[in-house]
Amino acid sequence: MSQDSIAAPESARKLSGRRRREVVAVLLFSGGPIFESSIPLSVFGIDRQDAGVPRYRLLVCAGEDGPLRTTGGLELSAPYGLEAISRAGTVVVPAWRSITSPPPPEALDALRRAHEEGARIVGLCTGAFVLAAAGLLDGRPATTHWMYAPTLAKRYPSVHVDPRELFVDDGDVLTSAGTAAGIDLCLHIVRTDHGAEAAGALARRLVVPPRRSGGQERYLDRSLPEEIGSDPLAEVVAWALEHLHEQFDVETLAARAYMSRRTFDRRFRSLTGSAPLQWLITQRVLQAQRLLETSDYSVDEVAGRCGFRSPVALRGHFRRQLGSSPAAYRSAYRARRPQGEPMAPGVLESVVPAQVPAHARRAAAAAGVPGQAAASSAVQEHGKPGSDVYATGPGRPSLPGQRSAP
């Protein structure tokens, strides 16, 4: 089966007779950002049949009483309410106004009913928080903007949050990272429904790539969820970020927190959604990226200044996270930077992160291989590096930058 013709998983519910696959409902809330809200409206709401793009029928639905206020104080009046969702085969939640506020119960009930009746449910960016609040992401892989991923993982521990992906297709529930990744996911939906040619025609009309390579790694920074600011672990995390040039391990951090390694691992994961070892390695690799972009240090010197025990360790972790050697990364970065103009650290379109097949990680987990051992098991079986942080469901071979359902 080609990657452009993806079959629905066997577990997907049959679409209710009153719903139509070509009908797309977009659920809007007051306070939602206008850019994310406009993405599904543009993709599914404009007739582009002259360009070879199959037509969808768009229903713009208010998730609460209007008028709906959005970016810049604009007021929107949606032509439909929650009752119109009952006709849709696809329901899109493009964004949610606040990751700390609960969505309206009536909207959550409408989403649950739609899912029970076989509709495909889509959350773009912070829309994943609405899907999680409705219980639709329980036990599933999902993504959101990398900045909000730790909060999503902490608030909904049954969700397998992966901040590395641009989007995740789990069959009847799909989620995407921030803003532009919403376009990627919408194009993926068109590709799934109508094939690569239709998606390519739409991408040309939108003047965007039909597929973007890579994931969110290149955009990550050293941010942690706001909730950690008042937690006792905040001081330990701050110390770690200030001493990345030193060689220390997770046991050192646990000792500074006056905790056992086991307790520290559990507390750290509950706060950040990440295992402390993987978080520390990621921070060291990010620091290496910055030095490769902004200094003339040799790769050996960069390894020492980022706390790696050897250049070999740096090269291995760098390639696992970014799919490139440090030297190749620096060369590509400098080649793409305009003459005499600095580029923001971490942004490099040519770097594609390597991934372990999702089914390999699930198989290792099912065999009772936890944490780092699960990732190692996947590496031994498939010859590719992986991460021990985020659980994933079984999957087909994925397009670059996305994970799909089985």
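A crossover is called right-handed if, with the strands pointing away from the viewer, the path from the first strand over the helix to the second runs clockwise. In this predicted model, strand 1, helix 1 (residues 34–45) and strand 2 make a β-α-β unit of that right-handed kind. Helices (H or I, at least four residues) and strands (E, at least two) are taken here as DSSP runs, numbered from the N terminus. Residues are numbered from 1 along each chain as its sequence is written. Because the model is predicted, local features need pLDDT of at least 70 and side-chain atom pairs count only at pLDDT 80 or more, while totals for chains, interfaces and linings use all residues; side-chain values use heavy atoms, with hydrogens and water left out.

Strand 1 (residues 20–28) has two parallel partners, where pairing requires that DSSP finds at least two bridges between the strands. Six bridges join strand 1 to strand 2 (residues 57–62), and in this pairing Leu-28 stands opposite Ala-62. Strand 5 (residues 88–93) is joined to strand 1 by four bridges, with Ala-25 facing Val-91 of strand 5.

How confident is the predictor in the protein? The mean pLDDT (the predictor's confidence in each residue, from 0 to 100) is 77, and 74% of the residues reach 70 or more. Over residues 1–11, however, the pLDDT is below 50, and this stretch has 16 contacts (heavy atoms within 4.5 Å) beyond near neighbours in sequence. Residues 340–403 likewise stay under 50, and the model has 154 contacts for them beyond four places in sequence. Where pLDDT is low, the predicted coordinates should not be read in detail.

Turning to charged side chains, those of opposite charge can pair when their charged atoms come close. The structure holds 14 salt bridges (a side-chain nitrogen of Lys or Arg within 4 Å of a carboxyl oxygen of Asp or Glu). In one of them, Arg-19 meets Glu-117 at 2.8 Å, N to O. Arg-19 lies in the segment before strand 1 and Glu-117 in the loop between helix 2 (105–116) and strand 6 (120–124), so this pair ties together parts that are 98 residues apart in sequence. Arg-19 is buried, with a relative accessible area of 3%; buried means under 20% relative accessible area, exposed over 50%, and partly exposed in between (1.4 Å probe, protein chains only).

A second salt bridge connects Asp-193 and Arg-120 at 2.9 Å, N to O. Asp-193 belongs to helix 5 (residues 180–194) and Arg-120 to strand 6, so parts 73 residues apart in sequence are tied together. Asp-193 is partly exposed at 27% relative accessibility, whereas Arg-120 is buried at 8%. Salt bridges with shared partners also join Arg-18, Arg-19 and Glu-117 into one network. Asp-47 and Arg-55 form a further salt bridge, their closest N and O atoms being 3.4 Å apart; here Asp-47 is partly exposed at 38% and Arg-55 is exposed at 53%.

Finally, the aromatic rings: a search of the whole structure finds six pairs. Rings of Phe, Tyr and Trp (its six-membered ring) pair if their centres lie within 6.5 Å, and planes under 30 degrees apart count as stacked, over 60 as edge-to-face and the rest as tilted. Trp-239 and Phe-248 have ring centres 4.9 Å apart and planes at 55°, so their pair is tilted. Trp-239 is buried, with 16% relative accessibility, and Phe-248 is buried with 9%. Ring pairs also link Phe-264, Phe-268 and Trp-279 into a cluster.
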